[in-house]
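Dear colleague,

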Amino acid sequence: MRYSRKDLLQLPDRHLSFDEFIEFDEDTYKKFPRIRKLRNVEARGEGDYDAGSQRLYLNLHVTGTMTCPCDITGEDVDLDFDSEADEIISYNKKDFENIEILQAEGEYIELLPIIFRQILVEVPITVVKPGKIDYPKGDGWAVMDEATYQKNRAGKVNPALAALKDYVPQDE
């Protein structure tokens, strides 16, 4: 998904249209620990190239499935994603100061980094496996859900705060 300026100028009406399935190798997302795997990634989009301003106006729609680790158990959780973005990519060096406009690298526009960046936007901050979770536990500690925590602490007084009870004046 790489286009040169010459390719864009040769398009009918300078209109670009694509619908492709993309496979990312593990090296692409290896440095992002929140993503373990990407599958069924489909990128659809349309763009119009304006030769006068040397800009490609792109509407991008990316869908697929990502596998992320559960924050509690570390098990794999599959999540579908669906993302849309409007991007402006420019060959014009005057536009390089504008942070809202992406820069073409030399004579080429490479869409894969733009698509991958859009996938990164969809990565959730926290992921919890749906259904009943076997919470991890060890010697003297255990992870528990809120309901279990409230049930265990009902009627118990925090020993660190119990001594303060003697200092509170009793109303008569």
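The notes below cover confidence, the sheet, a helix and a pocket.

This is a predicted model, in which local features need pLDDT of at least 70 and side-chain atom pairs count only at pLDDT 80 or more, while totals for chains, interfaces and linings use all residues. Residues are numbered from 1 along each chain as its sequence is written, and side-chain values use heavy atoms, with hydrogens and water left out.

The mean pLDDT (the predictor's confidence in each residue, from 0 to 100) is 87 for the chain, with 98% of residues at 70 or more. Confidence is highest in β4, at 95, and lowest in helix α5 (residues 159-162), at a mean of 77; helices (H or I, at least four residues) and strands (E, at least two) are DSSP runs, numbered from the N terminus.

An open sheet of mixed pairing is built from 5 strands in the order β2-β3-β4-β5-β6, where two strands pair if DSSP finds at least two bridges between them. Its edge strands, β2 (15-22) and β6 (102-103), each pair on one side only. Strands β3 (residues 37-50) and β4 (residues 55-69) are antiparallel over 12 bridges, and L38 stands opposite M66 in β4.

As for the largest pocket, β6, β7 (108-110) and α3 each supply at least two residues of its lining. By class, that lining has 7 nonpolar (Ala, Val, Leu, Ile, Met, Phe, Trp, Tyr, Cys and Pro), 4 charged (Asp, Glu, Lys and Arg) and 1 polar residue (the others, Gly among them).

With best regards
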